[in-house]
Structures are given as C-alpha cells and as structure tokens.
Amino acid sequence: MDDITRQKIEAMVGIAATNESGLQYGISEAFPSWNVHYEYYQGHIELHLEPSSPSALVRSFADYLNGKLTSVPEVETVGRNFCYFAARLKSERIKEDDYERIGREIIKFRDILTPFIEGCLSSLSAASEVAEALGKYYEQLKQWEPYHINVIDELHANENAHSRILLRLLKYPQAGQLVILKSFLETKVHGWSDLNPEVGHPTIIYNSEYIDGLVEAKGEYAVIIENKIHNAEDQDRQIERYVDTVISHGTPADRIWVVYLTRDGGKVISDYSYTDRVKIILGDRFIPLNYRDDILPWLKESVLPSCMIREEWLVSALKQYIDHLEGMFGLRETQRKIQNKMEERILRLANLTEDTDLPTIYDSLREQEKQFSAILDIIANKKNKIDRAVLRSFTKISKAYFEDSCPERHFDLEDHSRDGFYQIFPEGWPRNVHLEWIPFRGKHLITGHNLTLVLHIEPPKNAKVNQLIAGLAKDETFKALNRENNFRQSGSTFYSFTKSLARSFNEMSIADKTALLKDIYDKVCAVIPIVDKYLSEGKPQPSVEEDEE
C-alpha cells in the first residue's frame, strides 16, 4: 500500500497506523496497539487480539467479546493461528487501494465495538474498586501487626546478595569439615551420593567467570550454582558456557553438576540457555531447586538445628535469613494471620461465605483472579508507556550529543534497560569495550536522583584488549581522571562517573536534560581518545593466555 493511500485512511479514521506494513490501528489506549488492533487483512477489516498466548487483559477482553459479539449480525469470529481471538466485519472483499471503503469499514467496526470496550473496562473498574477496598483493609490489618525488622529486608537483597549468603553458609567449617556444604550436596544435589565423591576442601567462589556460585575441587568435581531467585532472564548458552568453563579447569564432564535455583519453582530454564549439547553432557546432573520448597526448609529444619550453640553469629545470621525468606513467601506467623483475614474479606465482598458450596467459591475466585490480573496488565501497560516515553527522550538527546560532538564518528546506542543497562559503542572499539549507563531502567530516569556512566572492559580478553588495559594502568591522564572522581578500577569497570540530581531526569525541561547529559558525557567521553590511543597503538603483544597456547 502506497504512502498516499495510507495517509488518506489515517485522515478518515483519525489515528495513525501502528504498523504500516500490516495497516493496523489501535482500538483503545487501555490496550497495547501491537497486540489489540483493527487490521486490513486478506481483503477485510478484522479485529485481532494477539498473540495466541496473550496477557490476562487481552484474555479478559476476548472472554467479554465472546459473550457479546454473538448478538451482532454484522460481525463474525474467524480463526487466525497467530491470534488468541479474531473477528471481522461481514462484507465484500475490499481492494487494497480503495482507501474510502477501508476507512469506512474501520469506523463502522469501531462504532460497533466501542460499547463493548467500555463495558469490559467498566467491569474491570468495578473490580478495581474491590481491589482498592481490599488494599485499605490490608493496610488496617498491618497497623496492628507487631513491629518487625529484618536487616536483609531493609537492604533489599538482590540475586547477588542471595548468592553471597548461600555460598558463605556453605563455607562454614566444623571440626575441619564443611558440614553445611556436605549436607547440601547429600540432600539437595541429585546423584551426588550415588557417585559418593569425597567433599574434601573445595574452593567455594562467588561470581567468578560470570558464574554466580562455584563449588570446585579441580580435577575431582564441581557444582555450578545459577541463582534466579528474582527471575533474571536466562542468557544465550549460559549453562553451556559455564560447564565449558569448568571443563577447561580440568574437571571431568561427568563430575559436574548444575544447580538452577529459582524463587518458587515457577521459572523453567530456557532451551537457549540449557542447550541440547549441555543436556547430553550433564544428563541428570542438572538440578532445579527453589528457595521456597528446597532451600528454606533445609535451612530451617536441617541446618539451623545442627548449629552449635556457641556459633552465635552463624545462628543469628541463619535466623535472619530464614525469617527473610519466610517474609518473601508470606510464611511469617503474622503474615499468615493477615492472609486468613484477607481471604475472609474477599469472600465477603463477593457475597460468599464458608458455607457456600466449593464450586461456586472456586468459580468466583477464578473470575476475580482474571479481573485482577487484567487490571495489573492495564497498570503495567501504562507504566511501560511512561517508561518508553522517557527512554525515547533520553536516547534522542544522547544521539544528538554524539552527532554534534563527534560528527565524523558513528556511535551505536543500545537500550537494554529491561535488563538494567544502556550501552554506547564507539566506532572502532571491540564490542566488549564500551561506555555503559548502569544501573539503568526507566525508574532511574523517572524517580531516581543518581545517574552513573562507566567505561567497561569486559571479557573475553585478547591481545588488543590486554594492550589497552596495560596502557590505561600507566596512563597519567587516565589515572588523573580516576583520582578526580575518587574512583579505583573494579572488576570490568575502569572508569565511573556518578551525577547526583536535585530532581529526577523526568522532571527536567528539555534544556535541563540536554545540559545534564552533556555534562556527564563530556566528563566520561574524555576517556575516548585515551582508549583510542591504546587500541590503535602498534602491533599488540600476545597475552599470557596466548603464549601458553
């Protein structure tokens, strides 16, 4: 379809196409246009609810339409394997260049569906009022809850913190034996007792070579621990790479275990991380465990009771950690009491009692669950729109900075804010050498008051990268920049600059945002010519690793 025809259709319907190749038009601000839209498809105007396994909001809307559209003679449902639900106007086929008919049909379909959209959202609005009442009741109950403080709660432990705590516990020695590690291996690591290796005194390492936790007696055995307690995304070939790393240490492949630790067992590892090749290598030595059903009961029922009384710091740490995990899963005694009262209130608001027959209670709860899930989707959609808007502003200003300050050089800007970072790749640098905003998500721009931009030099290290690292270590200008910022090289971060903000990035005017980012980029981009110098210097010398090869 040519641009002129498309523009005429857009003028008729009053909104721009969200996907020009497919001529799609969003139906409402409440629904993401990419998966709920009107579409010119195979000569007809159709309503598509995509994909085939959509969000709770889309499922809720589909259920609502299924019960209503049967009374509309002008509309028929159709099967589309890429849709969860699809319907179309009954009409003669429309030619692709007949913009007037396409526009009229979209408007006609919109007029038919508008009352149903409003009805669906109205029912969700009523459910949101119930949710609000429940929220207020919950806050009232919490006011009577005994004062409770847990240091780990207050520190907002992330996955790294949980890995450190677990590995620190595994290191505990008693009479020269690693008794907690021995208990973990014998009770939680399937197949360990069958092979019956000696536990001995392995190295227990946190966050080395990108592995969250590694228990390794080189040449004898290794247990890789991958921690996903907060549902971090699996990475490409992640488990395969970890296993290959341990094999390169000299450990036999048939003596390697991988413990995949999730929050509650709900997360299943992806095939692109746990590849077919590594499945063959590990066999049944891939061990999925979770904190709720495996780690917490083990700590509470096995580890804590076996601790010696004189180990007061260990006992104290275990009690705090057990309490933290119980809080995470709503298992504290006070939480259970609140939960029981909340369940009673939910039944009451639905005009149900404990005497109501079980199928009726179940169906009511299932319907409420669907409605509340749909409400959460609406909230998430709105939040994502805000995120995208502020991130677009950030990217636009950042691109303008590099285009103005370095017009002769290209810079790739990659937004990985969903994973917590945003990277900038200067032309001519290896991909593992780059500038990076970290931590970085939409919330850091919307509510945060600190922004940090760093120079990262990440593995793999080759001769060129080793040459760069050696050059930076002796470069007086680079060292002066670090001294000025009170920064010392740490891990893969070789330079870091943090700017404290009186108000968030989102609250600033365009002029203030531009001035802020220019200030930070000017400060950090001072390292670019220094890095350029060492990356382009003569023929690099072989690295130690290359000499050994």
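Which residue in strand 9 is the bridge partner of E226? I looked it up and found Y260.

**Entry 1: ground rules.** I am working with a predicted model, where local features need pLDDT of at least 70 and side-chain atom pairs count only at pLDDT 80 or more, while totals for chains, interfaces and linings use all residues. I number residues from 1 along each chain as its sequence is written, and side-chain values use heavy atoms, with hydrogens and water left out. Helices (H or I, at least four residues) and strands (E, at least two) are DSSP runs, numbered from the N terminus. I call two strands paired if DSSP finds at least two bridges between them.

Entry 2: I traced an open sheet of five strands in the order 6-7-8-9-10, with mixed pairing. Its edge strands, each pairing on one side only, are strand 6 (203-208) and strand 10 (286-290). From one strand to the next the twist averages 20 degrees.

**Entry 3: strand 8 and its neighbours.** I followed strand 8 (residues 221-228) next to strand 9 (residues 256-262); they are parallel, with seven bridges. On the strand 7 side the pairing is antiparallel, over five bridges. There V215 has V223 of strand 8 as its bridge partner. Strand 7 and strand 8 form a hairpin with three residues between them, and G219 in that turn has a positive phi of about 85 degrees.

**Entry 4: buried or exposed?** I found eight of the eight residues of strand 8 buried (under 20% relative accessible area; exposed is over 50%, partly exposed in between; 1.4 Å probe, protein chains only). Y221, V223, I225 and N227 point one way, and A222, I224, E226 and K228 point the other way.

**Entry 5: helices.** Strand 8, helix 8 (residues 238-248) and strand 9 make a right-handed β-α-β unit; right-handed means that, with the strands pointing away from the viewer, the path from the first strand over the helix to the second runs clockwise. I then saw helix 6 (residues 179-188) lying across strands 6, 7, 8, 9 and 10, at about 105 degrees to strand 10. Helix 10 (residues 291-306) packs on the sheet and touches strand 8, strand 9 and strand 10, its direction making about 80 degrees with that of strand 10. Contact means heavy atoms within 4.5 Å. Axes are lines fitted to C-alpha atoms, for helices over the stretch in contact, and angles run from 0 to 180 degrees between N-to-C directions.
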